[in-house]
Amino acid sequence: MRVFGAPHKYIQGSDVLNRAGELLSPQGDRFFILGDEFVLSLIGDRIVRSLTEAKKTAIIETFGGECCYSEINRLKAEAREHQADVIIGAGGGKAADTAKALNIELRLPVVVIPTVASTDAPTSHLAVVYDENHVKQGVLRMDAGPSMVLVDTGIIACAPVRTLVAGMGDALSSKFEAQACWESGAKNMFGGKPCQAALALAQLSYDIIRENGDAAKEAAENQSVTPALESVIEANILLSGLGFESGGLATIHALHGGFTLIEEMDPMLHGEKVAFATLVQLALEKREKDFIVDMIDFYIRLGLPTSLGDLGMQKIDMGKLEQAIDNTCRPGSYIHNMPFKIEPQAVMDSVLKIDALSGARNALSGVTGQII
């Protein structure tokens with residue numbers, strides 16, 4: 001059985017947030033808006049003003065910053081007290097995931113308003129839950145995708161460039177994980193086999209980023225909305241989201257989960273860790289060296305991590321790496337969606353191979369540290 005899923009509606013454009021009241025009106029009457037202090041200071045007034053003009057009630061609640069059960073339970077109680085009938089998650093992936101968790105708990109429509117294009121979380125029906133120390137605890141699933149994803153590209157153009165680049169790192173992975181799941185016959189995030197549409201969208205996401213990534217980064221540096229930036233934002237959020245969710249996950253996101261156990265990597269963004277893990281999957285698949293080197297060189301231009309040092313592990317700690325890889329290879333992990341048997345030593349060898357190859361490429365390019 002093949003299964004494909006998607007959000008009910010996706011809207012993207014510069015200044016669309018000014019039309020939030022009009023666009024969100026069909027969803028309900030009492031909107032519970034969660035975002036961290038910075039996000040609310042950035043867009044909270046615009047959302048409230050637009051909803052008020054549409055004769056809707058806006059309830060603002062500050063998000064604590066981590067998608068964990070204590071925060072989910074706190075916000076659930078607040079939403080119930082205010083008799084909310086729509087949940088809005090504004091900001092990054094953690095706010096989006098927390099809003100989705102509230103959908104699961106309260107059975108209310110959820111709208112995601114990303115202020116960065118750093119991950120493909122906004123369009124997915126999944127919510128990744130961590131503990132208070134940012135160690136992954138599990139994945140929750142909504143019955144269906146978000147009711148709406150509202151993407152204001154004018155806001156994203158003004159976000160830190162690092163977040164856009166990290167989003168490209170996350171989106172590039174979708175092509176390779178979807179391919180692995182297609183070849184192995186593994187199930188996707190909806191519990192069915194991937195459709196060809198998912199592979200095509202994941203491929204398109206990859207192609208757009210390879211073609212427009214440099215120009216999109218330049219546009220973001222100038223805080224300018226250009227066709228290249230619009231295309232990359234769509235690839236980062238929509239195309240990659242549909243590709244990973246309906247295509248499936250494999251080594252890359254499994255290794256990312258293992259990396260959350262390494263404290264030196266805690267400051268790194270999701271897409272940055274995923275980017276390095278993508279190179280590891282390519283090595284594990286024994287892809288041509290020229291192809292991997294080309295990816296590394298592209299990463300270096302964008303400012304994505306290509307080595308363990310770039311991820312914060314300046315001195316390789318084999319004990320910590322072994323712990324992360326053991327977690328990556330545990331029973332039930334996404335890594336077992338690969339079309340061949342996985343051994344922890346092969347994963348370790350691939351990690352070290354990419355780290356060494358990256359060092360050689362960085363030396364040739366004169367780059368000593370890539371993170372923006």
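Which residue of β8 does Val111 stand opposite? I started my notes with that one, and it is Met148. I'm working from a predicted model, so I keep that in mind throughout.

**Entry 1: the sheet**

β5 covers residues 110–114 and β8 covers residues 148–152. They pair in the parallel sense, over two bridges.

Next I wanted the strand order. The sheet is open, has six strands, and reads β1-β8-β5-β4-β2-β3. Pairing is parallel. Which strands stand at the edges? I found β1 (10–13) and β3 (57–62) there. Each has a single partner strand, so one side of each has no neighbour in the sheet. I also noted the twist, which averages 20° from one strand to the next.

**Entry 2: helices on the sheet**

I checked α4 against the strands. It lies across β2 (30–35), β4 (86–91) and β5. Against β4 it runs at about 165°.

Then I turned to α8, residues 227–247. This helix packs on the sheet too, touching β1, β5 and β8. I get about 155° between the direction of α8 and that of β1.

**Entry 3: α3 with α4**

I went back to α4 (residues 93–106) for its contact with α3 (residues 69–81). Their axes come within 10 Å and cross at roughly 60°. Oblique is therefore the word for how α3 and α4 lie to each other. The crossing is right-handed.

I listed who touches whom. From α3 I have Ile72, Leu75, Lys76, Ala79 and Arg80. From α4 come Thr98, Ala101, Leu102, Glu105 and Leu106. Sorted by class, this contact holds six nonpolar residues, one polar and three charged.

**Entry 4: α6 with α8**

How far apart are the axes of α6 and α8? I noted 8 Å, with a packing angle of about 35°. The crossing of α6 and α8 is left-handed.

On the α6 side the contact has Leu164, Gly167, Met168, Asp170, Ala171, Ser174, Ala178 and Cys181. They meet Leu229, Val232, Ile233, Ala235, Asn236, Ser240, Gly243, Phe244 and Gly247 of α8. I sorted these as well: ten nonpolar, six polar and one charged.

**Entry 5: aromatic pairs**

I searched the whole structure for aromatic pairs and got three. The one I wrote up is Phe176 with Tyr206. Their ring centres are 5.6 Å apart and their planes are at 85°, so this pair is edge-to-face.

**Entry 6: α10 with α11**

α10 brings Ala275, Phe276, Thr278, Leu279, Leu282 and Ala283 to the contact. α11 brings Phe291, Ile292, Met295, Ile296 and Tyr299. What does the contact look like by class? I have ten nonpolar residues, one polar and no charged ones.

How values were computed: Residues are numbered from 1 along each chain as its sequence is written. This is a predicted model: local features need pLDDT of at least 70, side-chain atom pairs count only at pLDDT 80 or more; totals for chains, interfaces and linings use all residues. Side-chain values use heavy atoms; hydrogens and water are left out. Axes are lines fitted to C-alpha atoms, for helices over the stretch in contact, and angles run from 0 to 180 degrees between N-to-C directions. Helices (H or I, at least four residues) and strands (E, at least two) are DSSP runs, numbered from the N terminus. Angles under 35 degrees count as roughly parallel, over 145 as roughly antiparallel, 65 to 115 as roughly perpendicular and the rest as oblique. A crossing is left-handed if the near helix is turned anticlockwise from the far one by less than a right angle, and right-handed if clockwise. Contact means heavy atoms within 4.5 Å. Ala, Val, Leu, Ile, Met, Phe, Trp, Tyr, Cys and Pro count as nonpolar, Asp, Glu, Lys and Arg as charged, and the others, Gly among them, as polar. Two strands pair if DSSP finds at least two bridges between them. Rings of Phe, Tyr and Trp (its six-membered ring) pair if their centres lie within 6.5 Å; planes under 30 degrees apart count as stacked, over 60 as edge-to-face and the rest as tilted.
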